[in-house]
Amino acid sequence: MTDKTAHTGKNTGGGDVRLTGISKAYGSFNAVHPLDLTVPQGSFFALLGASGCGKTTTLRMIAGLEDPTTGTIHLGDTDVTDLPPYKRPVNTVFQSYALFPHMDISENIAFGLRRRGIKSVKKQVDDMLELVQLGDKARHKPHQLSGGQQQRVAVARALINHPQVLLLDEPLGALDLKLRRQMQLELKRIQTEVGITFVHVTHDQEEAMTMADQVAVMNGGRVEQLGAPADLYENPQTTFVANFLGTSNLIEAEVLETGGSDVLVTAGGGKLRVPGDRCTSAVRQGGKVLVGVRPEKISLAHADDAGSIADGRNRVTGRIADSSFIGVSTQYVVNSPAGAELQVYEQNIERDTRLVPGAEVVLHWNPAHTFGLDAAQDIDAGVETVEDAG
Amino acid sequence: MSTTTLTKKEGAAPVEEPVLRKPSARKRLVPYWLLLPGIIWLLVFFALPLVYQASTSVQTGSLEQGFQVTWHFQTYWDAFTEYWPQFVRSLLYAGTATLLCLLLGYPLAYLIAFKAGRWRNLLLVLVIAPFFTSFLIRTLAWKTILADDSLVVDVLNALHVLDVTSWLGWTEGERVLATPMAVVCGLTYNFLPFMILPLYTSLERIDGRLHEAAQDLYASPATTFRKVTFPLSMPGVVSGTLLTFIPASGDYVNAELLGSTDTKMVGNVIQSQFLRVLDYPTAAALSFILMAIVLVMVTVYIRRAGTEDLV
């Protein structure tokens, strides 16, 4: 066992964060179920999930602020599971920033260096202030700074120590939307510049997708799916991921044929094709499957033009229940026999004036954009939580 | 046409203004109304007696012939040169008691603020529980606790603690009662809650995440306390030490009940000058000297502690 660990350690490079069978239980409540996770060195990694999904607990276990109930944590080849937080080469940017109110900005930033006995900190502190563009605020107290500035101080205070891993616990949660977007880009810039591994905890799926190279979607103390943002978005493996990341139309369907490369299914009287390799579970004839398609992949045609739709596309007929114009696109809600309240996002290129609530329409899309999910799952998993988080 | 509109407007303006201003003027007066009872109280029971005492301190005469204001400032100098040992003793006892209160109170306040969990409220009630008994009775109880051959004194004797304290001049032989140590013990006991409560308040306000942040930034628990917790609790330390030191330096009950003639504090002198010797000018002068010393010491202390810098 030891040999094997050492071996993999050599192969995967020195600085990966490796969680092996890590779990956390508070009494009878399991905050985190045993999970394995590897964060590659130098990557921007996001732990995404609704509040209470175990993402912050996982982060705190890496920081050493929380003792895991089972499992081990490795930084590179070093087992840090039993190290106290002040002995780990890991720094955290806290959700509330947790800046020391009795110290000025430069003292806050120098705190970590001084604790490790480094005497001449001025140059490094100045460089750090420069990096986060707060050079003129060195002698200010934290309470004299705005939320966004405090946030940057928190980042600088952690980064100055050149940690192997920087942990960010919802660092943008307290900022307003515009500042949040700005800070997302800022953090991404800093990460690219310093090349340190960032582990970022967030409940904002857009934030995770914009910033991270890799996203682990967590739900109920487990990792639901792990992958690059585009991969997670295009190929969700569970209904939770499908609904939590963006919006998905999930239609309950029955399998008709499994012969070819496409699976033929029926829903609400119509027939749909799903690429066989995009079905997450084994499909068998007569079984149930959840057919999914993203709203922006769907085109909308007025029922009168149904004839002009190219062959081979998936079609669903329905009636527009609601439409809202949001500038770049128009969002429609369509009720159909296949499923209620299907979402369609149409680019505003040439607007068809007949597409108003009450109009009979045909929804059509390329079958390649369809995915199939295990029908045993809750079809609405992850839907409500997005609204809560927003 | 335009002229009439103009005059109308001008005429209307003064009517509008008072209507708008009246409620705001009343609102502005509210703080002063709220201050009034306190100001009256201070005037009648603090400022007036203070002026009265000040005039007493520069009077001469005797009880039989009556006292007259003669601007006799010599009384101050005489009082100070005669009773300076009592002043020194008062400040020494009060200072020692304050330090002991801080050493005893800080760990307890820390425990209640951070570690007590659901026991927090119970512990706070226990801290103020002594107040349910009279100050005098509690001090008299210490007479029994420190009496010769009491359990405490026997144990201290057996452990040879009293040999050390006798050598230091805090106790005498195998006795504790009627020694400086007894007085300091009484002062410490009586003023401990006044130390614990402000300490608890300022510790309790410290965000627990600051401890986590410090530890995350390579500070061991001891360093975290030294660099984060203690500096942030300074407002509590300052107000706790002031609430202990100021009343303790003017106290006379503990020295009266637990001490001897060798442990008289300035409070005892003032009391006996006022009530037994009936030398009112000296008593008043002593009060003002004590007040001046304490004021100067407190000002220097607050300046040095730099509390105005703390959030």
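**View 1. The largest nonpolar core of this predicted model has 106 residues.** A nonpolar core here means buried Ala, Val, Leu, Ile, Met, Phe, Trp, Tyr and Cys residues joined through C-beta atoms within 7 Å. Buried means that 20 or more other C-beta atoms lie within 10 Å of the residue's own; exposed means 12 or fewer, partly exposed is in between, and the C-beta atoms are placed from the backbone. A:Ile62 and A:Val199 have the most contacts inside this core. Its biggest contributor is helix α5 of chain A (residues 147-159), which gives six residues. Helices (H or I, at least four residues) and strands (E, at least two) are DSSP runs, numbered from the N terminus. A second, separate core has 50 residues, among them B:Ile112, B:Leu187, B:Met195 and B:Met265. The model is predicted, and local features need pLDDT of at least 70, side-chain atom pairs count only at pLDDT 80 or more, while totals for chains, interfaces and linings use all residues.

**View 2. Zoom in on A:Ile62 and its contacts.** Setting aside neighbours within four places in sequence, A:Ile62 touches A:Val17, A:Ile73, A:Val90, A:Val165, A:Leu167 and A:Val199. A contact requires the C-beta atoms of two residues, placed from the backbone, to lie within 7 Å.

**View 3. Five strands of chain A form an open sheet.** The strand order is β15-β19-β16-β17-β18, and the pairing is antiparallel. Two strands pair if DSSP finds at least two bridges between them. At the edges stand β15 (299-302) and β18 (342-347) of chain A, each with a single partner strand, so one side of each has no neighbour in the sheet. On average, neighbouring strands of this sheet are turned by 45 degrees against each other, direction ignored. For such angles, axes are lines fitted to C-alpha atoms (for helices over the stretch in contact), and angles run from 0 to 180 degrees between N-to-C directions. Within chain A, β16 (residues 314-325) and β17 (residues 329-335) pair over six bridges in the antiparallel sense. You can pick out A:Phe325 with its bridge partner A:Thr330 in β17(A).

**View 4. Strand β11 of chain A, residues 249-257, is joined to β14 of chain A, residues 288-293, by six bridges.** These two strands run antiparallel, and A:Glu252 has A:Leu290 in β14(A) as its bridge partner. Three bridges also join β11(A) to β12 of chain A (residues 262-267), again antiparallel. Here A:Glu254 stands opposite A:Thr266 in β12(A). With four residues between them, β11(A) and β12(A) form a hairpin.

**View 5. A:Ser51 sits in the loop between β3 (44-48) and α2 (55-63) of chain A.** A:Ser51 is exposed, with 11 other C-beta atoms within 10 Å. Look for A:Met218 too: A:Ser51 and A:Met218 are 167 residues apart in sequence, but 10.0 Å apart in space, C-alpha to C-alpha.

**View 6. Chain B meets chain A through 17 residues of chain B and 17 residues of chain A.** On the chain B side, α8 (208-216) and α9 (221-232) are the elements that give two or more residues. The largest share, six residues, comes from α8(B). This side of chain B divides into 10 nonpolar, three polar and four charged residues. Ala, Val, Leu, Ile, Met, Phe, Trp, Tyr, Cys and Pro count as nonpolar, Asp, Glu, Lys and Arg as charged, and the others, Gly among them, as polar.

How values were computed
Residues numbered from 1 in each chain as written. Chains lettered and ligands numbered in written order.
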